[in-house]
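Reader: I would like to see how the labels given to a structure follow from their definitions. Please show it first, then take my questions one at a time.

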Amino acid sequence: MRLNPFNPDSINVRRGGGGGGFPGGGGGRLGCGAIVIALIAAVVFGVDPGQMLGTMDDLQQTQSPQQQQQPGGETAAEICDDSAYATEACNALASLNQTWEPAFQQAGIEFQQPTLEFLSGGVESTGCGQASSAMGPFYCPADQTIYIDTSFYDQLDRELGAAGDFARYYVIAHEYGHHIQALTGIANQVRSAQQQNPGAANQLQVLMELQADCYAGAWAGKNRNAIDPGDFEEGMTAASAIGDDALMRGAGQRVSPENFTHGSSAQRMQALRLGLESGDDVQCDKIMQRT
Ligand SMILES: [Zn+2]
């Protein structure tokens, strides 16, 4: 995608404190993309992926907010200029804000920008508990922050075969989708429904994730003139690569749909495509009505 350069005054970004050292791979309790990382952790760090995947039900759980103080007083421009990936993520964040704010205004729902925090390899206190880069990108509703270590993009490319800028935009736009769900109240509704019907908790979780995929596609679809040839294919390749069945197969596990948390490759591709082709978030809202 060809995105406009971000305006540093129009986005909330933060650099993680980091420096706490790698936690040894255990203890992951949140994180979208944690399933991806569980696979990578299994390969790189010798962690039993089942052990980490078992924590995924906690994905949307929140703990008491504990806002991070911004160390160093760096400006958004300084943080975003750190690397090409960081700049790209800041451009995406600015575009996502510009795309979604009017949609919220139109729907009469109060809009708030999320914060983007760049993790840098250490352990970090977040509104959702301790987090580390090894958990993959995630959104924390308690502090309305998208957490990402941009080295994840290299893993996405090298270990999951999902290359290209659109694959990277898909990741951040998906996390932004969870921010939308927090603002609209869908996230809370799903959490209540999960508590009332624990048997359907995983299915509901999958629908939440598919809706976030659809919102990611809808953002791109609403910015159709910025889409480059090949972007669609990059998105589909990424959506396929991070489908639960593909990840389970890749980890040498039996494919067990009852343990899906994000949806199959086919479901994720379909959800992203629905948003992309329609550019209409109302289409994405219908995903939650499939229960
Ligand atoms: Zn997610």
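Reader: Why is Ala193 called partly exposed?

Author: A residue is buried if 20 or more other C-beta atoms lie within 10 Å of its own, exposed if 12 or fewer, and partly exposed in between, the C-beta atoms being placed from the backbone. Ala193 has 16 C-beta neighbours inside 10 Å, so it counts as partly exposed. Ala193 belongs to helix H7, residues 186–196. In space, 8.1 Å separates the C-alpha atoms of Ala193 and Leu204, which are eleven residues apart in sequence.

Reader: What should I know about the model and its numbering?

Author: The model is predicted: local features need pLDDT of at least 70 and side-chain atom pairs count only at pLDDT 80 or more, while totals for chains, interfaces and linings use all residues. Residues are numbered from 1 along each chain as its sequence is written.

Reader: What makes a stretch a helix or a strand?

Author: Both are DSSP runs, numbered from the N terminus: helices (H or I) have at least four residues and strands (E) at least two.

Reader: How do you know that the buried residues of H5 line one face of the helix?

Author: In H5, residues 151–160, the buried residues are Phe152, Tyr153, Leu156 and Leu160. Down the axis they fall within an arc of 110 degrees, so they line one face of H5. The arc is that of the directions from the helix axis to the C-beta atoms. Asp154 and Arg158 are exposed, on the face turned away from the buried side of H5.

Reader: What makes two strands a pair?

Author: DSSP must find at least two bridges between them. Strands E1 and E2 have four bridges and run parallel; Arg14 stands opposite Glu117 in E2. E2 (residues 115–118) and E6 also pair in the parallel sense, over four bridges. Thr115 has Thr145 of E6 as its bridge partner, and Glu117 has Tyr147. E5 (residues 138–140) and E6 are antiparallel, joined by three bridges, with Tyr139 opposite Ile146 in E6.

Reader: Why does one side of E1 and of E5 have no neighbour in the sheet?

Author: The four strands form an open sheet of mixed pairing, in the order E1-E2-E6-E5. E1 (12–15) and E5 stand at its edges with a single partner strand each, so one side of each is left without a neighbour in the sheet.

Reader: How do you know that both faces of E6 are covered?

Author: In E6 (residues 145–148), Thr145 and Tyr147 on one side and Ile146 and Ile148 on the other are all buried. In E2, Thr115 and Glu117 point one way and Leu116 and Phe118 the other, and all are buried. In a regular strand the side chains alternate between the two faces of the sheet.

Reader: What is the angle between H9 and H11, and how is it defined?

Author: Axes are lines fitted to C-alpha atoms, for helices over the stretch in contact, and angles run from 0 to 180 degrees between N-to-C directions. H9 (residues 231–241) and H11 (residues 265–278) pack at about 150 degrees, their axes 7 Å apart.
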